[in-house]
Amino acid sequence: MKKILNRKTGVKSIYAALMALGLVIVILLNIAAGALADRYPLSIDLTRDRLFGLGEETVSYIEKLEEPLKIQVLATEETFRNNSTYNAQANEVMRQFARYSDAIEIEYIDYISDPTFAASYPDLTMKHGDVLVTSGERHRLVKTEELFNYTYDQKGRPQIASSRAEEAILSAVLALSGDEIPVVAVITGHGETVSEPFLRLLTTNNYDVQKVNLLTGGLPEDAKIALLPAPITDLSAEEIEMLDAFLKNGGAYGKTLFYTASPEQPPLSNTEAFLAEWGVKIGDGLVFETKEDRVYFTQPFYAIADYAEEHYSSKMADRSVPMLVPVSRPLEITFRQQENYFTEELLRFGETSGVRPSDAGDSFTASDAAQRGPLPAMVLCSYRLLDSQNGNAEKASSHILVSGSTELLANYAVGNRSFANGEYLIHVLNDLCERSDAIAVTPKSIVGNALNLTQAQGDRLGYLFVLAIPVVVLGVGVAVWLGRRHK
């Protein structure tokens with residue numbers, strides 16, 4: 001009898017010890033998890049576009065930062081976060097910056113109760129809800145409205161369309177920690193179609209955008225890129241000479257002209273002759289697409305283009321995201337190489353595309369098209385200065401980037417994550433400007449309050465709730481039952 005009692009007593013002691021050990025382990029795990037949560041992002045972002053997380057390129061960049069930076073939100077965290085769903089997303093994004101980088105600290109300033117804070121920055125006009133990013137004596141203000149993209153309803157009232165919190169904060173971080181900011185000179189004075197969303201995208205990605213007139217102000221000496229979007233009137237011979245001198249850069253080269261065309265343009269003899277010298281011809285008419293899954297909103301002139309090269313497209317986070325090149329005039333590459341001039345096809349319309357001439361009648365059908373795909377959609381023309389004494393290695397180069405579509409810069413193209421326009425163009429321009437540490441970030445859209453889950457993520461959640469959790473609960477129940485059975 002004593003042996004039985006001793007055995008039961010021993011079993012009870014073992015279970016008591018195991019339960020005590022388990023309790024200690026749980027307490028230690030909770031303490032460790034709490035400490036880690038303050039330093040590392042342990043949450044799982046199940047949204048399709050990682051709305052509450054940072055992109056891999058962003059994380060890779062900020063993890064290498066050494067110079068301390070501070071993100072100061074001019075509001076209490078509760079007030080800022082509870083203002084809207086988008087504010088909550090922006091707040092979590094800013095916290096991710098601090099969690100991924102030892103050099104970044106986030107601080108919330110009760111701006112309304114601390115009027116002396118603004119006195120420290122007399123050069124800035126700040127308001128409640130803005131974000132100030134500082135590094136030493138340098139600072140960059142991100143206004144609260146710059147954290148979002150907007151659309152307008154029928155009454156002209158602004159509505160948040162998407163979040164640009166990551167790109168806005170990253171832009172400030174890059175400005176305070178990166179290299180010299182390249183200047184983009186936007187040429188005006190010829191009825192150009194300037195896309196303000198594209199210019200904002202350039203500014204966000206740390207380009208200094210300046211609008212210029214060639215005849216009254218010329219091109220800034222420090223400009224790396226000149227943007228000429230669909231001029232309606234022809235450039236004069238003098239202006240063409242200015243563009244030529246800009247690209248030659250006194251023999252140093254290293255410049256880029258980005259030219260886009262549109263169907264509203266009349267014949268431009270000087271401008272088109274200049275482009276022809278570099279190996280590309282702007283044709284007549286509009287490119288259409290006959291394959292239903294290669295158009296936007298079933299519109300045949302809003303065609304999808306394929307990547308025709310590897311260098312720039314390999315920088316994309318996801319090459320399966322299509323490029324939209326809508327309302328595009330056809331391009332023709334007149335030579336691949338001629339002396340020191342080279343041409344390269346970057347984007348290409350598919351085999352099921354064609355060209356509708358501008359003088360086509362109402363009876364025109366796709367089968368009437370004289371020009372059929374594949375057709376160039378974007379061409380990179382280059383002048384390469386070669387070193388004959390070193391195996392013709394390239395010493396320097398300048399470029400003309402040509403697209404038959406100005407609409408590829410429109411907000412529905414560059415601001416839509418369903419298309420790669422914004423990311424791809426920024427990667428191309430970054431590379432042409434030799435910005436080795438630059439990254440491209442595009443807006444993120446929050447639609448409603450639903451979780452955007454992929455099928456795989458949905459399956460994992462199903463396994464978790466249908467299988468894993470019940471098994472854990474069953475195991476705990478068995479352990480409790482065994483413990484009580486031996487009492």
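Of the protein's 487 residues, 44% count as buried, where buried means under 20% relative accessible area, exposed over 50% and partly exposed in between, with a 1.4 Å probe and protein chains only. The model is a predicted one, so local features need pLDDT of at least 70 and side-chain atom pairs count only at pLDDT 80 or more, while totals for chains, interfaces and linings use all residues. Residues are numbered from 1 along each chain as its sequence is written, and side-chain values use heavy atoms, with hydrogens and water left out.

Contact here means heavy atoms within 4.5 Å. Among the contacts with a separation of 6 or more, 71% come from residues 24 or more positions apart.

H4 covers residues 85-100, 16 residues in total, and reaches 23 Å from its first C-alpha to its last. That is close to the 22 Å expected at 1.5 Å a residue, the expected span being 1.5 Å times one less than the number of residues. The rest of the structure largely encloses H4, because 12 of its 16 residues are buried. Those buried residues include Tyr86, Val93, Met94 and Phe97, but also Asn87, Gln89, Glu92 and Arg99.

Two helix pairs come next. Their axes are lines fitted to C-alpha atoms over the stretch in contact, and angles run from 0 to 180 degrees between N-to-C directions. Helix H8 (residues 237-248) and helix H9 (residues 269-277) have axes that come within 9 Å and cross at roughly 25 degrees. H8 is therefore roughly parallel to H9; angles under 35 degrees count as roughly parallel, over 145 as roughly antiparallel, 65 to 115 as roughly perpendicular and the rest as oblique. On the H8 side the contact uses Ala237, Ile240, Leu243, Asp244 and Leu247, and on the H9 side Asn270, Thr271 and Phe274. By class, that makes five nonpolar, two polar and one charged residues. In this scheme Ala, Val, Leu, Ile, Met, Phe, Trp, Tyr, Cys and Pro are nonpolar, Asp, Glu, Lys and Arg are charged, and the others, Gly among them, are polar.

The second pair is H7 (residues 196-204) and H11 (residues 421-432), with axes 11 Å apart and an angle of about 55 degrees. H7 and H11 are therefore oblique to each other, and their crossing is right-handed. Phe198, Leu201 and Leu202 of H7 meet Gly422, Leu425, Ile426 and Leu429 of H11. The classes here are six nonpolar, one polar and no charged residues.

A few backbone spots deserve a look. Asn206, in the loop between H7 and strand E8 (208-213), has a positive phi of about 60 degrees although it is not a glycine. Asn206 counts as buried because its relative accessibility is 3%. Glu339 also has a positive phi, near 55 degrees, and sits in the loop between strands E17 (337-338) and E18 (341-349). At 67% relative accessibility, Glu339 counts as exposed. Finally, the peptide bond from Gly373 to Pro374 is cis, with omega near 5 degrees; Pro374 is in the loop between strands E19 (353-356) and E20 (375-387).

Note on methods. Helix = DSSP H or I, 4+ residues; strand = E, 2+ residues; numbered from the N terminus. Left-handed = near helix turned anticlockwise from the far one by under 90°.
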